Each structure stands twice: as C-alpha cells, then as structure tokens.
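Thanks for coming. I will go through one model today, starting with how its two chains meet. Please have a look at it first.

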Amino acid sequence: MTYIAKPKFHHPGLKKNELGYTHRDYEGKISTLCAGCGHDSITASIIEACYELSIEPHRVAKISGIGCSSKTPDYFLGNSHGFNSVHGRMPSVLTGANLANRDLIYLGVSGDGDSASIGFGQFAHSIRRGVNMTYIVENNGVYGLTKGQFSATADRGSKSKKGVTNTDNAIDLVAIALQLGATFVARSFSGDKAQLVPLIAAAIGHKGASFIDVISPCIAFNNHAGSTKSFDYVREHNDAVNRLDVLVGRDPIAVDYAPGTVQVVEQHDGSKIALRKIDADYDPHDRLGAQTFLARHAAKGQIVTGLLYVDPDAEDLHSHLNTVEAPLNTLEADTLCPGSAALDKFNASLR
Amino acid sequence: MKPTDIAAPDYFHKVVDCQWACPAHTPVPEYIRLIAQGRYSDAYMINWKSNVFPGILGRTCDRPCEPACRRGRVEETPVAICRLKRVAADFKDDIKHRLPKPSAKNGKRVAFVGGGPASLTVARDLAPLGYHCTVFDGDPEAGGMMRTQIPKFRLPNSVIDEETGYILNLGVEFKGGHRIESMKALLAEKYDAIFVGSGAPRGRELDIPGRKEAAAHVHIGIDWLSSVSFGHTDKIGKRVIVLGGGNTAMDCCRTARRLGGEDVKVIVRSGFEEMKASPWEKEDAIHEDIPILNFLVPVAFIHDNGKLTGITFQKVKAEYDAKGRRNLVPSGEPDQTLECDDVLVAVGQENAFPWIEQDCGIEFDKWHMPKVDPKTFVSTNPKVFFGGDAAFGPKNIIWAVAQGHDAALSIHKMLSGEDITERPLPEVHVSSQKMGIHEWSYDNDISNDKRFKVPHRDKVIALKDIRTEVELGYDVKLALGEAHRCLNCDVQTVFSTSLCIECDACVDICPMDCITFTENGEETDLRHLLKAPSPHPDQDLYVSSDLKTGRVMVKDEDVCLHCGLCAERCPTGAWDMQKYLIEMTHAGSACPTKSRSAA
C-alpha cells in the first residue's frame, strides 16, 4: 500500500499508439496489494497489451470476483466498464453482460480461490459454453487475504510458509479448461512479461473462450523454498513450448525466423499470431496432444507455459444461440414487442 | 557495461543536476527542503557556506542550475532555484551568531587586490583560520562589480552591505579608496600571499567613425553604470540606443529608462535568440517597453558638429558554414540610420593589468591574460593567486565565488607547507530516508504545479525611482508552492543486487519508465534496450552487477522523479532512497584521508 498517488508525469519520449494514447493512459488507480505482488505485473501486462492493441478503454468490460486478484481491475483501464461481483461469480456476471452486449471486450479477472474453489462450477460452465471472453486466473496457490492457507491449485507435496506439507491433490485449471473445450488455452508467469503480454493480446483477439492461467508468486505467503509457485521455482521449472508475437493489422507477415520454426495463426479479428516454436514437436492445434503433454510434464514437476491450444475457427456462445447482434440496450420497443400479429405468426409456427 | 560504482563521489553528484551545474556546488535540494519546512535561516546558512552571497545571488545569479534542473526535462520549466535562494535570504532570522567568530591571528598576512566577490570569498574562507586579510579596493565600499555595475533596482545596497558586512566583520581589514597601482610595490610589502580579484574592469570600445567627435554622448556601459551607481550621473537623453546583447546591455537600457530615457532601444548584431543576455533579463527589458532590434551592425556614429544625432547600421543576416559556425553577412538591404540623443556601448568587457610590472614573476599569455593554473589558481609567481574575472575573463558572480573557494584552499595549503596540487576529496554523506514501510523523511509526493511567477512592482512605480527594487520576491505561500516543485534529486535510488528477486514491481510502478531488467551489453546497446527512449546520453545509466537470472538492472537517471515508488513497491528493500550530501572542500574544512590530483 502506497500513500501517494502515482505521479502524473510520464517519460517525455513515450510512444503513442494509433489512438494517440501512451501506455500510461491505460492505467487505473495505484495498487493497494503487497509490495512485489505478481498480480501487479499481470496488471502491467494487461495495460501493455491493451495499449499495443490500441483498444479504446470504453470498449472494455473488466469483471472480477473476490480476492487479491479480483482487486486488480481497479489498477488498470481506469476508463473502462467494471463490475466487482460476489466471490466466485465473475463467470456468470460476465456471461450475462456478454449476452446483453456482445460489442464489448470482456476481461474476466479471477484468482485460484475465486475460480478453483468457490467459483469452480462457474468457471467450468463459462468455459464449456464458449463465452467470448479473456479469462485470466492470477494463480498464486495460496489464500493471501486470509494469510496464506493452501488453495486448490497448490501442488501436492509443496510446503506452506510455516513448513506444512500440502496433502491434497491440485486442480490444474489449464487441464480442466482444455477438457471443457476452451478454444484458446495458455499458461504464463507474472515474471515473464515478454511471454505474457503477447498471450493476453492474442487472447483478446480470439473469438471464443480464452483462458490464461498466470502463475503469480505471492511474496507475502508463497515465495519460499518448498513452494512450487515461487519466483525461483517457476524460473527453474518453466518449460515454454513457444513464444508469441502478435501482429496487429493486416500487413503481410515478414518474420525473420528459420523455416519451420514459425507458425502463423490468423485470428478471427484479422490479427495474426506468429508462434515461434521452442519445442519442435509441440502442436498447439492438437487438444488431445496438449492434454497428454501437460500431464506428462506435470508429473515431472515441470510447468509448461506458452500458447498450449488454439482453435482459430472457434465459435462463441452467441453463434450457438443465434442471438440478436445488437446490444439489448439499443433495441427499441417495436423490436422488443413486435405486436400481436407477430405473436400470432410465431404461435402458428409452433402448432 | 560494468556495474556502476556508486561509491565514486561524482556518480550521485551528477544525478543532482542543479548542484553539479553550480560552479560552487551548492546543495540545492537540501536548502529547498529547508525552505519548504520554513527553516529559512538553515537554508540561508547552507547557501552562505557554499556561495557566500545568497541574498545577492538570489537576485542576480546567472543560474547555471536552472537549465540543468531535472524538472525542465519532465515539464516545461525548471524550479525557480535562484529566487528560492532569495526567499531564504528574505525570511531568515538574525544569523550573525551562526557566523564564524574572528579568530586569533596566525601571523600570516594575505593581501587582496579588489574587493569583489572573488576576493571576499577568499577572505571569508581564510579569515576564520587566523589569516590577517587586507582587502584593497579603489572604490570606497566593498562589493566590486556587484555594487558598481548591477543597478540598484535589481540589487539594493542594503543587501550588499549586509552580505559584504558578514565577511568584513570576520576581522577582515578593508582599505577602500586605495587602488593598487603597482604589483611590485605590493610584493615589496612582504605579504605571505596575494590574491588578485580585480575583475574585468575595462569596457570594450566600439571604434567606428564618429566615435571621437560624438564622444560627449557615447558612453561605455559599465563605466556609465558605475557612475550612476555612485550618483555622479542622474540623467540621460530622451532617445537612447544601447549597443550590445549581454546582461550589461540589459542593465544599461533599464537604467536609462529610469533616468529620463523615453525611447530606449537595444540593438544587437546577432539574432535575438543568440544574445548573451539571460532570457529573463531580456523579458524584463521588454516588459519595460524596450524593444530589442537584431541583425544590425553599427557602422558609424552620426553627429552634427560633435553633437550626436544617431547611428547608422548595416543590415546583416546569419549564414552557417559547413561546420555549423555562424557568420554575419550583409543582407544587401540599404543601411538604416536610427536617431538618438545618447548611446550606451555594452559590447563586452576586457581584463587590464597595467599595474602588474613585467618583472614580478607573473607571466602573461598571448592574450595578455596572466598564466593561471585552472585548478589551484596560482600564477607563475607561487605567492600570487588570481580568481574571478581577473583569472579567466568575464563570467558571473557564482564563478568568482567557486574560484575563490579553490584559491583560498590553495593559499591555506601553501601557507601550511602542503602541496597545493593535492586537492582533498569532498566529504560525502549518504543516509537512508526510510521512516516506515511507506514513509520517507522527504516529501515524495510530486507536485504538478507549474512554475510560480515572482511578483513584480507595478511598472509605473518601478520606473519612477532607480533605487526601487523591481522584483518583490516570493511571499511565503508562493515560496512553499515553488519549493514543492523540487524533485529532491539528491535523494538517490540505491539498488542492492543481492536483495533483488526480479519481481518487476519497480519496473511496473515507475512513472517514468526509468528501470529495465535486461541482458547486459555495451552502453550504446543498453540504451536501445531500455523501456523508454534515452534521449540524453550525458545522463548516466545506473547498472547493477549480474542478477540471479543473469540479467542486470539498468536505470536511466535522466528523468527519474525521485518519488521513491520503486522503493515503496520493492518487497525486499533492494531499492532504498538515500540522501546524498556532498560538501565541497573549503580551506580548513578538510580532514583529508583521500585526495585527488589537481592534474
């Protein structure tokens, strides 16, 4: 917690994006989280991604639940829409908002408690339905606000700050998301912005349920030896399968990589992702392969990061339900209530 | 790059841009904080120690600190450092009891030629050490050019009397009206050392046709100013032309406005932008309805049987050669004649040493300047030292003060039997400002205020009396606002590699994008890898040793606000805010453990 507001001055040479904004224009209030919290780096990555994509802040709805992670939407995109919902209920509120107005960009921000414990069911159903959103879990493996109890994503065998060993099995949200049909699945690390920023940018460009699990060390309660979510552990066991470059606009891709090492994925919104392969055998279009790969590496104690699965031709909940395109608040009375003649016609169709 | 050696006294000194730029290295942020706390006397004493004449400089300094001020790289204008100095002088209590006491004499005698800022600084440093100091000046009172050339509406006599008085009361003997006419005679008086601070007393001539014939109405600027200062001159014609573009020209034209000049013009050879006068002095002149005409070269004084009627000017334009050097070439337009009743010539000053005989052991160079060592200020005669304008030509008061301190140190070392080329290192204090988890002993909240204007007296009143000071100075409230604009650049960001866990918290919070964690490289490569561009290569990069991941922390010192947020957001205390205070070595102040060579 810092007592002063972040100074308004910015570096005189900051670059501006297409809208004429600097990355400072995408900030929110100053963080009240503990010093060094991984969540603040995720906040900075979201700011950077939105700046790079030249997103108009008023086109974004940021929705969260309860927890350290769910406080963070206050710290980025100060000029966006926001909703801080009940614990674990972010996915339902987001689904509802998305159904009412598909024109906004939906950013769901949650934590391991909010999504793997109290909101586990909500998480599962929003993914299963293919809501067009970017669902970010800021995953630190502990309940930081209640002083560091193991959360549902803490690895079995890992140690608490006081030295207690976790005997429960861990929920791997990435594995669940893959299984439930998420069409964009990634894992990253708050200490690696070079990987995280393009992943967030690509997830925002994806049409369908995008899920990013970001391991975010809790400095206060989970950054010690024996933790599997500490800076040191993640850095030592990080197995990145690929690196991303997000290319905004429709310019032809001219990436200077050795042939066969780069894979270009065209997104629904016309942007392109250049995937630089690190693991030559890894195919991010193979859901089953991804699940096996993940399980095999998890057993070895490795943390697989990168873009793990993407279906560029995915559809979202709106296309499944064939809903009206216009936001509900723009529909006039005569559209919403077309009159008895229309009702008669509709009833007749059901006879 | 190699890890930055922050223990080198110059590294953090350079970060305090204002202090680094000040020839006397006044600890600017330190005294501005004291002003903000209402501790005006303490602020004054810090200044008094460094620059000797806070009240005088707070009105007249050329302010090398302000263009250097970091605030000017962050927003439009720097902190009004100079006028805050005046605040300390204006609002201080009686500080006499805080001044050094006249001490028992050590039996060594030092003579001073000239009673201006350079000599008085040397005397200030030497008198408390027991030296018998005798200051000779041709004028009846001490102060030199500060008293004779700076108009009273900028610098009242009361301020000069006060601050020269502080020095003379240290037991310094002042012999006014006693001009030294012969160095040889002075040497014969067997002083242990002689300091020459006689300034650059000769105004440059403008030898063009008509000069001799019209002499009655053509005046040399600095002579005329000093004649006004002593009350010998109290009027001038209605139409006055001032030739020259320096600060003396500005003083001449504004003085002329107060002595009956109604149509006063300044005319310069160069372009308006290239004029030597400080921008604020030009502004003040323009505010007093004095137009500045540029690109006009005087070619002849026009007179009617010896009565000046005007000046003819050739119109020129600036052309730049391949090396970027400027040449003024005739524009081809017809010459222009401007009518006037009086002309003030302020086209430069020169040194003159007609009183130094050739066989005094003092060698001169081909420009007729004494050969003086730029670090020790000794001449080729080991007992004779030079400082101020007398040493290296016309500069400003603050340079004279800085050189005076160095010369005093040399004299003290020489008379203590030490090697004067061994210069003791300055004393440096570095201390953490941490008071609590997120509390610092300095105000780290950055003010967004624009520079506050110094209130001026109403023009109609100001122009009526030559002794009425134009600037009123900040009041307490304005001073507080202006003091808050200071970024506390002396409170340094200090990084401990061993404590860093590379969590990026400092990178994320830094409002100026100063901090980058990256692979190491050569400086030019590193400057390209920074999070934000690095437009000022003269501003240092602070580079850590290798971190756990093999990367290094690189901080561009350029536009750091010293807000301390990096240290507040650092979970391990790898960043700390530490106040860096450097005290320059003055005569007698040193306890030299280390020293550096003067070469």
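**Where chain A meets chain B**

Between chain A and chain B there are 17 residue pairs in polar contact, both residues at pLDDT 80 or more. A polar contact here is a pair of N or O atoms within 3.5 Å; within protein, one must be able to donate a hydrogen and the other to accept it, and residues adjacent in sequence count only if both atoms are side-chain atoms.

Some housekeeping. This is a predicted model, where local features need pLDDT of at least 70 and side-chain atom pairs count only at pLDDT 80 or more, while totals for chains, interfaces and linings use all residues. Residues are numbered from 1 along each chain as its sequence is written, chains are lettered from A and ligands numbered from 1 in the order in which they are written, and side-chain values use heavy atoms, with hydrogens and water left out.

Back to the interface. In contact, meaning heavy atoms within 4.5 Å, are 31 residues of chain A and 37 residues of chain B. The buried area is about 2,700 Å², and carbon and sulfur atoms give 58% of that. Buried area is the accessible area (1.4 Å probe) that two parts lose on being put together, summed over both. On the chain A side, A:Ile4, A:Phe9 and A:His11 lose the most area to chain B, together 26% of what that side buries.

Now the charged pairs. Side chains of opposite charge can pair when their charged atoms come close. A salt bridge is a side-chain nitrogen of Lys or Arg within 4 Å of a carboxyl oxygen of Asp or Glu. The structure holds 63 of them over all chains, and 4 run between chain A and chain B.

Which residue of chain A forms a salt bridge with B:Asp504? That is A:Lys193, with the closest N and O atoms 2.8 Å apart. Another pair is A:Asp232 with B:Lys548, at 2.9 Å between the closest N and O atoms. A:Asp232 lies in helix 8 of chain A and B:Lys548 in the loop between strand 23 (541-543) and strand 24 (552-556) of chain B, so this pair joins two chains. Helices (H or I, at least four residues) and strands (E, at least two) are DSSP runs, numbered from the N terminus.
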